[in-house]
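Subject: Structure for you to look at

Hello, here is the structure I said I would pass on. Please open it beside this message and follow along.

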Amino acid sequence: MELMSENMCDGIYPSIVVTLFLFLCSLRMDFLVLFLFYLVLVLIGVVTVCICSKTHYLKGVVRGGAQIISCIIPKCLQRAMPKLLHYLFRTRNHTFIILHLILQGMVYSEYTWEIFGYCRELEFSLCYLLLPYFLLIINLVFFTLSCVSDPGTITKANELLFLQVYEFDEVMFLKNMKCSTCNLRKPARSKHCSVCNRCVHRFDHHCVWVNNCIGAWNARYFLLYLLTLTASAATMAIVSTVFLVQLVVLSDLYLETYIDHLGHFQAVDIFFLIQYLFLTFPRIIFMLGFVMMLSFLLGGYLCFILYLAATNQTTNEWHNGDRAWCHHCRHVARPLSADTQVNRNIHSHGLWSNLGEVFLPATAPYERKKN
């Protein structure tokens with residue numbers, strides 16, 4: 001094992017002198033700093049959008065950004081941009097499905113050609129290395145189910161059945177309301193999707209990545225798809241990180257010294273190690289950075305979806321809930337001694353019951369649940 005590891009390190013590592021030359025010729029490119037700065041900007045942007053999505057600030061930010069961009073982009077592109085955005089986000093198409101599969105294929109190809117081969121030479125456990133492929137198979141199954149399954153389309157035939165499933169709160173969901181497009185009575189927790197042009201039972205959101213609405217009947221598939229996608233990204237990030245750490249340890253690179261731009265000897269630190277590995281394995285480092293960022297973003301979104309499932313809410317209800325109750329309070333006289341109530345979730349029946357409703361959608365009338 002030791003002999004094989006030493007031979008491998010000799011084969012895949014250039015000499016420290018050559019690497020230092022490349023490092024000094026790279027015009028002091030602080031790759032780690034640039035990547036961390038980029039990652040922080042992306043995370044701040046995502047958090048800002050999530051916070052502002054329930055306020056009026058987002059519209060102002062978007063409007064201001066559009067005015068700035070309009071001064072830079074030519075008029076012909078400005079005219080084409082709304083059509084492109086409408087096609088991508090307001091019509092059903094397979095663009096994001098294809099993009100999803102291409103990105104997934106590129107990541108797994110890099111993992112197979114680079115990480116898997118090197119790790120086999122270092123005698124990593126085969127089960128450990130095959131775990132991302134196992135998660136990929138499960139992920140593709142639930143991805144397909146999320147794409148093709150019926151989210152709970154409301155039709156004239158099942159309209160009466162859906163009307164009995166959930167209680168109307170008379171705030172966000174009113175009795176005897178009709179969909180202006182479908183001309184059907186709107187069951188509680190349903191919504192008309194303008195992209196799919198249909199009313200969906202317990203509508204959550206329309207996901208462009210699966211080209212389908214997420215509703216009562218396919219929310220479980222979407223949750224498991226998101227869970228396995230997050231797990232596969234995190235697993236590849238862990239395997240890649242362990243591989244790089246193993247190489248640094250076997251080569252004793254962390255014990256070396258180098259000459260800085262002032263001619264002083266410096267001990268190798270974490271910043272130098274990462275830039276050294278970037279120069280030696282640029283594709284692996286880019287893949288690792290991508291799956292790490294993906295793990296953080298997907299992990300955050302997964303936690304949000306799990307929170308909604310645990311409290312028996314949908315994304316649509318979470319987004320519109322406070323606004324609906326505030327609008328309701330302005331039209332309903334309330335006693336002065338009454339506590340201020342921003343939102344009231346009448347559909348939550350405890351953690352396990354709420355989670356069970358995701359995987360076994362409610363079909364019985366709500367009156368029976370109360371008995």
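Cys213 is buried, at 0% relative accessibility; buried means under 20% relative accessible area, exposed over 50% and partly exposed in between, with a 1.4 Å probe and protein chains only. Cys179 is also buried, at 6%.

This is a predicted model, in which local features need pLDDT of at least 70 and side-chain atom pairs count only at pLDDT 80 or more, while totals for chains, interfaces and linings use all residues. Residues are numbered from 1 along each chain as its sequence is written, and side-chain values use heavy atoms, leaving out hydrogens and water.

How many disulfides are in the whole structure? The search finds zero, a disulfide being a pair of cysteine sulfur atoms within 2.5 Å. For Cys179, the closest cysteine sulfur is that of Cys199, 3.5 Å away, which is too far for a bond. Cys213 is in no disulfide either, and its nearest cysteine sulfur, in Cys193, lies 3.2 Å away.

The unreviewed UniProt entry lists "transmembrane region" for several stretches, including residues 87-108 and 128-148; positions are in the numbering used here, feature names are shortened, and annotations may be inferred rather than shown by experiment. Residues 128-148 are 100% helix and 0% strand, with end C-alpha atoms 32 Å apart. Residues 87-108 are 77% helix and 0% strand, and their end C-alpha atoms are 29 Å apart. Helices (H or I, at least four residues) and strands (E, at least two) are DSSP runs, numbered from the N terminus.

Regards
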